[in-house]
Amino acid sequence: MIKKFVAAIGLVALLNPVNQAKAEVKVEFDEFTGLTTVRTIPSNFTGEKPGLWLNLDFEGKINTQVPDHVKFIVINKGGYCDEGITGVLADGKRVRQAGEFSNKFNILLKYQDLGRKNYNLRGWGAVWGFYRPQEFLQIAQAQEVRYQFCGNKSYTLSPSELADLKEFAEIVFTSPVLEKMPEKE
């Protein structure tokens, strides 16, 4: 119990660095469905650099359940590609995707995050990688996050995207969630 409490305090400290850019995370509770949607507001796209877009739904106003996985999503003008996110480096260390932990990994895409609401993303392509909560927190705690998608293009998250990532993680990974999370492999 004390170990998890110290971990939670450490997580808050890591997710709230001093002088961080202001995050743009939107939290919406729908009283009719009982779901809260947490999403980042896609940043302005500069040149061909894609923008970070995180989105997760949970029941109730405060998350109390450990998500099965979290999508690390980037949106680009170039459309879709078959490879998706081919890798993420958090502070220079490779972060394993969810499918690398089990050959039984099979996520049914319900398109909840793209199909239920109109986010005005028409004409944009979204690519993503799936991460277990433990690995997603590893990404959220990093000071530098680099990712590769569509096989060969790599980019670094901007300071404002890092702030979005950290705020998103704070909202999704509440104390009750952190207490229930399994230890990292």
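Rings of Phe, Tyr and Trp (its six-membered ring) count as a pair if their centres lie within 6.5 Å; planes under 30 degrees apart are stacked, over 60 edge-to-face, and the rest tilted. This is a predicted model, where local features need pLDDT of at least 70, side-chain atom pairs count only at pLDDT 80 or more, and totals for chains, interfaces and linings use all residues. Residues are numbered from 1 along each chain as its sequence is written, and side-chain values use heavy atoms, with hydrogens and water left out.

**View 1. An aromatic cluster.** Ring pairs join F72, Y147, F149 and Y155 into a cluster. The structure has six aromatic pairs.

**View 2. The F136 and F168 rings.** Their centres are 5.9 Å apart and their planes sit at 70°, so this pair is edge-to-face. F136 belongs to helix 3 (residues 133-140) and F168 to helix 4 (residues 159-172), so the pair ties together parts 32 residues apart in sequence. Helices (H or I, at least four residues) and strands (E, at least two) are DSSP runs, numbered from the N terminus. Both F136 and F168 are buried (under 20% relative accessible area, 1.4 Å probe, protein chains only; exposed is over 50%, partly exposed in between).

View 3. Three strands line up in the order 1-2-4 with antiparallel pairing; strands pair if DSSP finds at least two bridges between them. Strand 1 (25-30) and strand 4 (55-59) are the edges, each pairing on one side only.

**View 4. Strands 2 and 4.** Strand 2 (residues 35-40) pairs with strand 4 over five bridges, in the antiparallel sense. T36 has F58 in strand 4 as its bridge partner.
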